[in-house]
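Here is a short tour for anyone meeting this structure for the first time. Have a look at the sequence and the model, then read on.

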Amino acid sequence: MKMKKRSLFAGLALMLSASVVLTACGGSKDSAQDAGGAAGKPVELLWYTIGTPQKDVDRVMEEVSKYTKEKIGVTVKMNMIDFGDYSQKLQVMTASGTPMDIMFTSSWAFDYVQNARKGAFMKIDDLLEKQGKGIKDLLDPAFLSGSKVDGHNYGIPANKELPAQEVWRFNKQLLDKYNLDIKNVNSLESLEPLLKTIKEKEPGVIPFSVDKNYGVFVPYDYVIEKMPMAVKVDNQDYKVVNVLETPEMKQTLQTMHKYYKAGYIPTEAATMVSSTDVQKTGKWFADKATTQPFADNLWSASYGYPVVSTPASPAYIYNWSVMGSMQAISANSKNPEKAMEFLNLLNTDPVLRNMVDSGIENVHYKKVGENVMENLPEPSKNYDMPTFSLGNLMITYLNPTDPKDKWEGFKKFNSTGKPAALLGFNFDPSKVTSEIAAVQNVKEEFWAPLMTGTVDPDQIIPQANQKLKAAGLDKIMEEAQRQIDAWKATKK
């Protein structure tokens with residue numbers, strides 16, 4: 001049985017530079033009256049979303065349109081753009097005025113904050129109050145408050161896991177083989193005895209799987225993701241610091257370098273594009289990942305052998321976790337009310353949400369319980385969607401192997417999330433764009449070697465800081481502090 005995709009989030013926000021000028025699409029305002037227009041003609045909504053284009057997407061959208069035409073007087077045309085191309089193509093399309101009504105955006109693809117500020121998306125505060133009441137009722141308030149840009153909502157976050165939590169993952173086969181206990185593994189340092197055992201007894205296995213995208217956990221909330229300036233994650237002093245100068249970062253990088261020298265980390269880690277192939281082979285023992293409820297089940301099903309995990313950090317609600325998957329309405333859509341009606345229906349109506357997600361019943365999947373589905377092996381290959389990108393996860397069907405209380409588990413997980421210090425703050429880089437570009441270039445030189453333990457932090461951190469300062473890091477930090485202080489004042 002093929003599982004529905006329940007992807008976990010990872011990635012970098014892409015800096016977009018094109019100014020956005022959108023042209024109108026769909027019908028006119030007059031044609032959007034009531035359920036379908038003055039002549040009863042339904043409004044066609046053009047929806048651009050992320051994911052590998054699927055062979056049966058038009059076939060499924062025909063069925064979707066039959067349903068939405070009857071419900072709210074709209075039909076839907078979905079255009080899928082593959083993950084690696086999405087940000088660049090959406091940038092070009094919005095700049096050239098390609099018609100669209102709804103588009104996927106996030107903290108890591110077609111950057112939500114930057115494009116909201118550029119005018120790509122419509123302010124939806126009023127639309128949420130009128131046509132989006134169902135969305136407001138179901139979302140944890142942190143989703144909407146945390147995704148405001150300069151005081152306004154421009155997108156609808158998917159109802160999914162709200163906080164981000166790091167975990168240590170383990171290949172359970174090796175844990176069992178050597179009777180290794182992970183109950184007391186609660187820090188990077190506490191991994192050492194287990195890694196040592198695997199290094200000594202399993203010469204063909206990578207004890208600690210790390211690639212160039214690896215980032216150590218330190219208790220700081222980054223002002224710009226993956227740039228070396230941040231504030232303490234769990235207090236309210238809001239002092240911006242260079243994380244490479246913090247004792248937590250120095251200690252963690254020293255431990256990583258110790259592990260590298262001991263042979264626990266691959267020698268090529270700093271240049272390895274991805275460790276995914278390693279997971280496929282099962283020739284690894286431990287790594288670090290971002291989790292969600294029942295993620296161990298997902299990883300085990302994906303890899304074909306059991307994977308277990310234990311927390312590596314508390315569950316914090318960051319801007320990037322709130323904005324991990326969103327749908328926005330084009331700023332110049334002539335059908336914004338209908339677009340919001342559709343998004344409201346998509347997020348509240350299980351029939352529509354599961355049709356968009358899983359395809360046509362008895363064609364792409366079959367029901368094996370009241371809210372449990374099973375993909376039909378061959379037909380479902382023509383319609384295999386990235387579930388996380390399409391809206392409210394918590395009304396989607398379960399897979400047969402999912403626990404019955406899966407969505408209750410998500411709600412409980414969300415309720416335990418602690419707001420990170422900068423939740424709701426979005427840095428405006430416009431006054432320091434050249435400095436940011438220069439700092440990013442310097443960071444690229446040092447970041448992966450430091451994070452993977454490849455180099456000695458006692459030697460390299462001073463060199464990195466010298467170059468970061470010369471590139472303008474202090475000026476960026478001063479601007480960040482000024483903006484954070486102004487934002488902090490508005491919260492009182």
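This is a predicted model: local features need pLDDT of at least 70, side-chain atom pairs count only at pLDDT 80 or more; totals for chains, interfaces and linings use all residues.

## Helix α17, end to end

## A buried side and an exposed face

Which residues of α17 are buried? They are Pro457, Ile460, Ile461, Ala464, Asn465, Leu468 and Ala471. Because these residues cover an arc of only 135° around the axis, they end up on the same side of α17.

Turn to the face pointing away from that buried side, and you'll find the exposed residues Asp458, Gln459, Gln466 and Ala470. As for what covers the buried residues of α17, the list includes β9 (241-242), α9, α16 (433-451) and α18 (473-491). Let's take two of these helices in turn.

## α16 against α17

α16 packs on α17 at an angle of about 170°, and their axes are 9 Å apart. Angles over 145 degrees count as roughly antiparallel, so that is what α16 is to α17.

On the α16 side, the residues that meet α17 are Glu435, Ala438, Val439, Val442, Lys443, Glu445, Phe446 and Leu450. Their partners in α17 are Pro457, Ile460, Ile461, Gln463, Ala464, Lys467, Leu468 and Ala471. Sorted by type, the residues of this contact come out as eleven nonpolar, one polar and four charged.

## α9 against α17

How do α9 (residues 247-261) and α17 (residues 457-471) pack? The angle is about 130°, with the axes 10 Å apart, and that makes α9 oblique to α17.

From α9, the contact is made by Lys250, Leu253, Gln254 and His257, while α17 brings Pro457, Asp458 and Ile461.

## A stop at Pro293

Now for a loop residue: Pro293 sits between β10 (284-290) and α11 (295-303). Is Pro293 buried or exposed? Its relative accessibility is 10%, and buried means under 20%, so Pro293 counts as buried.

Leaving aside residues up to four places away in sequence, Pro293 touches Glu161, Gly409, Phe410 and Phe413. Phe342 is 49 residues from Pro293 along the chain, and the C-alpha atoms of the two are separated by 28 Å.

Notes:
Residues are numbered from 1 along each chain as its sequence is written. Side-chain values use heavy atoms; hydrogens and water are left out. Axes are lines fitted to C-alpha atoms, for helices over the stretch in contact, and angles run from 0 to 180 degrees between N-to-C directions. Helices (H or I, at least four residues) and strands (E, at least two) are DSSP runs, numbered from the N terminus. Angles under 35 degrees count as roughly parallel, over 145 as roughly antiparallel, 65 to 115 as roughly perpendicular and the rest as oblique. Contact means heavy atoms within 4.5 Å. Buried means under 20% relative accessible area, exposed over 50%, partly exposed in between (1.4 Å probe, protein chains only). The arc is that of the directions from the helix axis to the C-beta atoms. Ala, Val, Leu, Ile, Met, Phe, Trp, Tyr, Cys and Pro count as nonpolar, Asp, Glu, Lys and Arg as charged, and the others, Gly among them, as polar.
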